[in-house]
2 protein chains.
Amino acid sequence: MHEQLTEEYVRKVWAELPAHVKPTTFHGTLLLNQALGAEVTLASETLQITGSFKFRAAYNLLREVDNDQVITTSSGNFGQAVAYACMLLGKRCTVLMPANSSRSKQANVRAYGGEVKLIDTSIKSRQLYTTEILADHPDAFYAPPYDHYRVVAGNSTLGREIFEHFRSPSSGSIELDCVLCPIGGGGLISGIVTARDILAPEVEVGGVEPLLGNDAAQSLKAGHVVTLEAEPQTIADGARTPSVGKLNWEIISRGLKRIVEVPEDKIAAGLKTLYAAANLKVEPTGALTTGAALTQPDLFKGKRVCLIVSGGNVDPDVYVRILAGD
Amino acid sequence: MHEQLTEEYVRKVWAELPAHVKPTTFHGTLLLNQALGAEVTLASETLQITGSFKFRAAYNLLREVDNDQVITTSSGNFGQAVAYACMLLGKRCTVLMPANSSRSKQANVRAYGGEVKLIDTSIKSRQLYTTEILADHPDAFYAPPYDHYRVVAGNSTLGREIFEHFRSPSSGSIELDCVLCPIGGGGLISGIVTARDILAPEVEVGGVEPLLGNDAAQSLKAGHVVTLEAEPQTIADGARTPSVGKLNWEIISRGLKRIVEVPEDKIAAGLKTLYAAANLKVEPTGALTTGAALTQPDLFKGKRVCLIVSGGNVDPDVYVRILAGD
């Protein structure tokens, strides 16, 4: 195991973090089982604080930070999660957001007391903006969204909830065949694999990526990290990361057998299925795992599958376009 | 108390029914508190079996019925709930549905093993169709959607969950100022008032109706049941009932001080608020209580309010039209 991501540390986080996060929402319906041809349980983070699993990561990362100021770069869920965690922890927070990022996400960062600094990525890269602002604020802590052991440990609390949910009270065994988890930078699935290795080594964790942003699937085939040349333009905006992180790759490369690649139309179909068969409003990235079950139904036929729904934050115009589409 | 709706019977239902229904989903967010200017907790039945509170009523009604066949008339949630309950209880089920009722709701009744009989209400009234089919099936049980003590007792399990959720572990008192509940035929609010009278007599239960279908508000002012001449054409299709039931009126008339009447644009605003600030997909009737807080914000300012979200089943075209509207 990673030098800092020890079982002892992970179990410490499991003991401490649940007091600060909401438990995940387990949900299943007959209609969903019929639609996917499997025995499906959703583990939905749409009702988590700030509407996605990212709050688990942000809070666990920042609760051990002494700096008064936190800076991060995010167009989406991580920025909201960092702003909320800073509000709770009494820290100042600045989120660099692309000028074209959603107005509601900008508004939410401000509602949580964060400062939004808009950047124009057509002029300078995100990384250059970040380097500059950190040079101006040498006392600030920069919050990395996925490539950090405390981020992974925070996310592992979701994995723990999932495996304990399926533990049989009589036999003690975990009555589950597979957990499907979306991959962007790899922060969430690293946490799920970490929990799986401790609690349920016999259960498969399957990765899910948009076909348009399949860097992790390419990496798994190549045996090394593959980086996409440009940010992929998938509707699953939480999975536009061009490559997984270093720590994340260490965990993914030995912990996953399979990554399902989901075409855009099946991501949309997943979102619509969760709308119609489960009454869930999810963001496109949150629909990836349902889209995976629709893309490769034979893989999951009749199996006990847990689909992680990573978050629910999506602007109404995007949601309407998908829901009203064919 | 009503002859059959005794505290003893209600407590028996509280002991037995929870094994057959899903617990309600309690949910709150900072964004929602900011939007409504109150300390808001949602009690959402959108993830209940069949997607609305109606399953509590249907299952409690039918588990004590010996007849092999059940018939009901419904364009919406009660039909789905009855079909699902009959599937579990091994009964045949027929749902009379208006020919213009939503195709997805018809499909769901069939997915639960129910038979759908389409009726044309422009030719004959629902009641006449019902009388005819019951004459043809003298051995069938007709399932009433709200005006029945077992329906009310089933719904009271939601009230019990709500009041127990707000009970302080230290003092034992219920830390809540008000529960808002939608009114159609009055079945749900009768259950909430019944639970309130037993567990939390000091907490106000407020009714909520669409302004277009304000028969209960009119009734409360007049001191007797007022029946609307035609089914009101509100978007809150679960509240189109022209009048409340007899037993329901007995309970409402002595249990409610206030019914908030919500204009159509505020029902839509409630639905959008739950979308944006709480990541919840709700049907228009489920948005009534949030719409009430938006309609009369001064009533609830700074108070601890529980908003009942009665259900989440809404066709995508209706949802898209509301979400995309101004």
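**Entry 1: the sheet of chain A**

I began with strand β8 (residues 204–210) of chain A and found it joined to β9(A) by four bridges, the two strands running parallel. Strands here are DSSP runs of E with at least two residues, and helices are runs of H or I with at least four, numbered from the N terminus. Two strands pair if DSSP finds at least two bridges between them. I picked one residue, A:E209, and its bridge partner in β9(A) is A:E261.

A note to keep in mind from here on: this is a predicted model, where local features need pLDDT of at least 70 and side-chain atom pairs count only at pLDDT 80 or more, while totals for chains, interfaces and linings use all residues. Residues are numbered from 1 along each chain as its sequence is written, chains are lettered from A and ligands numbered from 1 in the order in which they are written, and side-chain values use heavy atoms, with hydrogens and water left out.

Next I traced the whole sheet in chain A: six strands, open, in the order β1-β2-β10-β7-β8-β9, with mixed pairing. β1 and β9 (259–262) of chain A sit at the edges with a single partner strand each, so one side of each has no neighbour in the sheet. On average, neighbouring strands are turned by 25 degrees against each other, direction ignored. Axes are lines fitted to C-alpha atoms, for helices over the stretch in contact, and angles run from 0 to 180 degrees between N-to-C directions.

I then looked at helix α12 (residues 288–295) of chain A, which lies across β7 (178–182), β8, β9 and β10 (304–309) of chain A and runs at about 90 degrees to β9(A).

**Entry 2: chain B**

In chain B I found an open sheet of six strands, ordered β1-β2-β10-β7-β8-β9 and mixed in pairing. Strand β2 (residues 39–44) of chain B runs parallel to β10 (residues 304–309) of chain B, and six bridges join them. Within that pair, B:A43 has B:I308 as its bridge partner.

**Entry 3: where the chains meet**

I counted 29 residues of chain A in contact (heavy atoms within 4.5 Å) with 29 residues of chain B. Between them the chains bury about 2,300 Å², 61% of it on carbon and sulfur atoms; buried area is the accessible area (1.4 Å probe) lost on putting two parts together, summed over both. In chain A, A:Y275, A:N279 and A:K281 lose the most area to chain B, together 30% of what that side buries.

I also found 14 residue pairs in polar contact between the chains, both residues at pLDDT 80 or more. A polar contact is a pair of N or O atoms within 3.5 Å; within protein, one must be able to donate a hydrogen and the other to accept it, and residues adjacent in sequence count only if both atoms are side-chain atoms. On the side of chain A that touches chain B, α14(A) gives the largest share, five residues.

**Entry 4: salt bridges**

I looked for salt bridges (a side-chain nitrogen of Lys or Arg within 4 Å of a carboxyl oxygen of Asp or Glu). I noted A:D237 with A:K105, whose closest N and O atoms are 3.5 Å apart. A:D237 is in the loop between α9 (215–222) and α10 (246–255) of chain A and A:K105 in helix α5 of chain A, 132 residues apart.
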